[in-house]
Amino acid sequence: MKQTTMKRGQFLRELGLSSSALMAFYCLGTTMTACSSGSDDPTPTPTTPTTSAGLTGNADLSKGAINFTLNLTSTDFATLKTVGNFVTVGSVIVANAKGTMVALSKACTHEGTTVGYRSAQNDFFCSNHGSEFSTTGAVEMGPATKALTVYSAKLSTDGNTLTVSA
């Protein structure tokens, strides 16, 4: 007998459970302890630079408006030249999403967990409760209900610098 698998969202939709029904389970004390387990939801592995080499400007939202430049020839950020890779810089996650640079707020709007980029799905995923966001920041699957903040990400003509701004 062949075993088939389905994604969590597809399973819940096939059950016909609405968000209000799921909230009722939660409020009654019945919790879904394995919200985001399964082989189809790989744990993102971000690259977080350990130095500020290659970064100029402000990447920390608590210090003001986001406005920074990444030197993609720096060892800390060269990984962004490869499709599917991403880095977290201050309050921002920057990904090379199918050849297009995207920059979004890194904190899931549900509970603040750092999201990661999933190349195979071309989306952003919160490993804490399974929220999924498109590359435009829109919520694709909750429990998050608010979109991630999108920042402008402009690659220089030579492909060696990326400017991210609010």
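User: How do you know that β4 and β5 are paired strands?

Analyst: Six bridges join β4 to β5, and two strands pair if DSSP finds at least two bridges between them, so β4 and β5 are counted as paired. The two strands run antiparallel; within this pairing, I93 has L104 of β5 as its bridge partner. A strand here is a DSSP run (E) of at least two residues, numbered from the N terminus. The model is predicted: local features need pLDDT of at least 70 and side-chain atom pairs pLDDT 80 or more, whereas totals for chains, interfaces and linings use all residues. Residues are numbered from 1 along each chain as its sequence is written, and side-chain values use heavy atoms, with hydrogens and water left out.

User: What lies between β4 and β5 in their hairpin?

Analyst: Two residues separate β4 from β5 in the hairpin. K98, in the turn, has a positive phi of about 55°.

User: What makes β5 largely enclosed by the rest of the structure?

Analyst: Five of the six residues of β5 are buried, so the strand is largely enclosed. Buried means under 20% relative accessible area, exposed means over 50%, and partly exposed lies in between (1.4 Å probe, protein chains only). β5 also pairs with β10 (residues 150–155) in the antiparallel sense, over two bridges, and Y151 of β10 is the bridge partner of A103.

User: Why is S74 called buried?

Analyst: The relative accessible area of S74 is 12%, so S74 falls under the limit of 20%. S74 lies in the loop between β2 and β3. Apart from its neighbours within four places in sequence, S74 is in contact (heavy atoms within 4.5 Å) with A53 and G54.

User: How far is the side chain of S74 from the backbone oxygen of A53?

Analyst: The side chain of S74 reaches that oxygen of A53 at 3.2 Å.

User: Which residues have the most contacts inside the largest nonpolar core?

Analyst: They are F68, L70, V92, V94 and V164, in a core of 16 residues. Such a core is a set of buried Ala, Val, Leu, Ile, Met, Phe, Trp, Tyr and Cys residues joined through side-chain atoms within 4.5 Å. β2 (67–71), β3 (86–89), β4 (92–97), β5 (100–105) and β11 (161–165) each supply at least two residues of this core. A second, separate core has 14 residues, including A95, L104, C108 and Y117.

User: Which residues of β2 form its covered face, and which its uncovered one?

Analyst: F68 and L70 form the covered face of β2, while N67, T69 and N71 form the uncovered one. In a regular strand the side chains alternate between the two faces of the sheet. β2 is joined to β11 by five bridges in an antiparallel arrangement, with F68 opposite V164. Four bridges also join β1 (residues 55–58) to β2, again antiparallel, and N58 stands opposite N67.

How values were computed
A polar contact is a pair of N or O atoms within 3.5 Å; within protein, one must be able to donate a hydrogen and the other to accept it, and residues adjacent in sequence count only if both atoms are side-chain atoms.
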